[in-house]
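Here are my notes on the charged side chains, as you asked. Have the model open while you read.

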Amino acid sequence: MKFKNGLAINSEGGHGPIRYIVVDYNPEEFVEFEFQKPNGFNGRHKFEIVTLSESKTEVKHTIKMKTAGLGTLAWIFAIRWLHDALLEDAFDKIESQLCNIHKRSEWNPWVKTLRKILKPKKKNQ
């Protein structure tokens, strides 16, 4: 994710075709985004860091979203799958960094296919 004004309230940005605006942010606790695009994505996306005990922390991800029209089809057939793989990769990186291990989840065949289809084409120079 990249944002025009960094990670700050009202900053706009996103990744790929997904666009957000930062609606709430506390650097030590959470960041919450509201979907701007694609059309048909109506709702919010949130990451939280929750202290469970002195030695345990939970990283939590929540999507509260309703889809409509083509957004529903995009979510069902592609974006949901890519989103889940992206989150698994992110959580693997967190676990690897904090536990000094190398954790890597395998993508399922559908995610591999989608990534191959959607891979940006290299431009000839």
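The points below cover the salt bridges and then a charged patch.

1. A word on the basis: this is a predicted model, where local features need pLDDT of at least 70, side-chain atom pairs count only at pLDDT 80 or more, and totals for chains, interfaces and linings use all residues. Residues are numbered from 1 along each chain as its sequence is written, and side-chain values use heavy atoms, with hydrogens and water left out.

2. The count comes to four salt bridges, taking one as a side-chain nitrogen of Lys or Arg within 4 Å of a carboxyl oxygen of Asp or Glu.

3. Have a look at Arg44, which is linked with Glu32 and Glu34 in a network of salt bridges. The N to O distance is 3.6 Å to Glu32 and 3.2 Å to Glu34. Arg44 lies in strand β5 and Glu34 in strand β4, so this pair ties together parts ten residues apart in sequence (strands are DSSP runs of E, at least two residues, and helices runs of H or I, at least four, numbered from the N terminus).

4. Lys4 pairs with Glu12 in a salt bridge, closest N and O atoms 3.8 Å apart. Lys4 is exposed at 67%; Glu12 is partly exposed at 38%.

5. Finally, Lys122 sits in the segment after α2 (109-118) and is exposed at 79% relative accessibility.

Conventions:
Buried means under 20% relative accessible area, exposed over 50%, partly exposed in between (1.4 Å probe, protein chains only).
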